[in-house]
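Here are my notes from going through the model.

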Amino acid sequence: MVLTERRKVEFPFLYSKDGNLIHIVAELKDDPAALVSLLTFLSSKVSLIGTESYSTGEGTAIFSGIGKIISKSETADSIRTWIGESNLVLSSRITHDNQGLLVDSFHHGFMSVDGEACILLPAQVFTGTIEDLIDIFHSGGEAIVYNQGLSYAKRRWATLKAIVPNAASRFDEISNMVAAIGWAVVKITYEAGHRRLRLVNTECFECFGHTKRAGGCFFLKGMAVGLAESVFGREMNGEETKCMKKGDDTCEFVITAKDGERLVTNPE
Ligand SMILES: [Zn+2]
């Protein structure tokens with residue numbers, strides 16, 4: 001059985017009307033055995049809902065787990081005491097909910113592996129901003145949004161290019177990077193002897209909860225053209241030939257070089 005792709009769930013906060021929520025952050029020796037021992041200890045006391053662990057790069061690892069206390073004999077204080085006394089754990093921070101609301105007060109924001117500070121922006125909030133711009137400025141708003149997508153892609157590329165050698169023959173991997181950060185899930189095909197790139201987008205953030213106030217996906221169109229111009233090193237034309245806002249099953253962009261030449265000169 002092959003696993004189907006899905007959205008990643010982040011836990012910056014959690015609400016439960018019954019309370020009993022706990023957030024455990026522990027610094028451990030960077031050794032899988034230490035993590036297994038901690039998880040074994042917690043298994044009878046806490047039902048873990050969201051966990052992560054990562055290396056600090058300084059010989060230690062951070063475990064962060066959000067869960068619900070299930071053992072009637074345990075409280076956040078008793079778990080804090082045990083963890084404080086354990087020689088497994090080098091340092092720790094235990095917090096609990098306030099009237100059912102638990103906030104991860106240890107992490108502030110996110111960082112991608114290439115060191116960029118990130119924020120968690122709900123897709124519909126950003127889409128709403130885009131639609132407001134188009135409502136106010138009409139075709140001028142569409143042009144602003146398109147240009148924002150274009151310049152976003154070019155700024156991103158300035159950091160990505162260092163970690164993506166041979167980018168022109170790896171456009172599919174670059175689209176996987178776009179999917180991993182939640183912008184779009186795109187299937188790529190080259191057509192017309194590698195002169196045309198067709199991007200079929202099945203999960204378009206601009207179409208999440210859309211209200212049809214915008215007549216197309218102008219940010220992603222700009223992003224597709226900006227990425228193609230960065231990767232192929234030439235000016236590109238882009239058209240959105242299908243759009244979920246217009247009732248199509250997918251959004252679809254067709255990209256060609258303004259010089260009419262092949263996008264990839266030595267296709268693998
Ligand atoms: Zn669209």
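1. First, the naming: helices (H or I, at least four residues) and strands (E, at least two) are DSSP runs, numbered from the N terminus. Bear in mind that this is a predicted model, where local features need pLDDT of at least 70, side-chain atom pairs count only at pLDDT 80 or more, and totals for chains, interfaces and linings use all residues. Residues are numbered from 1 along each chain as its sequence is written.

2. Have a look at Asn166, in the loop between H4 and helix H5 (171–180). Asn166 is not a glycine, yet has a positive phi of about 55°. Most residues other than glycine have a negative phi. Asn166 counts as exposed, with 8 other C-beta atoms within 10 Å (20 or more would be buried, 12 or fewer is exposed, anything in between is partly exposed, with C-beta atoms placed from the backbone).

3. His194 is another non-glycine with a positive phi, about 65° here. Its place is the loop between strand E9 (186–191) and strand E10 (196–201). His194 is partly exposed, with 14 C-beta neighbours inside 10 Å.

4. On to the open sheet: four strands in the order E3-E4-E2-E5, with antiparallel pairing (two strands pair if DSSP finds at least two bridges between them). Strand E3 (46–55) and strand E5 (89–96) are at the edges with a single partner strand each, so one side of each has no neighbour in the sheet. Direction ignored, neighbouring strands of this sheet are turned by 15° against each other on average.

5. Inside that sheet, strand E2 (residues 21–29) and strand E4 (residues 60–69) run antiparallel and are joined by nine bridges. Leu28 has Ala61 in E4 as its bridge partner.

6. What lies across E2, E3, E4 and E5? Helix H1 (residues 32–43) does, running at about 155° to E2. Helix H2 (residues 76–85) lies across E2 and E5, at about 175° to E5. Axes are lines fitted to C-alpha atoms, for helices over the stretch in contact, and angles run from 0 to 180 degrees between N-to-C directions. Contact means C-beta atoms, placed from the backbone, within 7 Å.

7. Finally, helix H4 (residues 139–160) and helix H6 (residues 218–232): their axes come within 7 Å and cross at roughly 35°. Residues meeting there include Tyr146 and Trp157 in H4, and Phe219 and Leu227 in H6. The contact divides into twelve nonpolar, seven polar and three charged residues (Ala, Val, Leu, Ile, Met, Phe, Trp, Tyr, Cys and Pro count as nonpolar, Asp, Glu, Lys and Arg as charged, the others, Gly among them, as polar).

Notes
Two residues are in contact if their C-beta atoms, placed from the backbone, lie within 7 Å.
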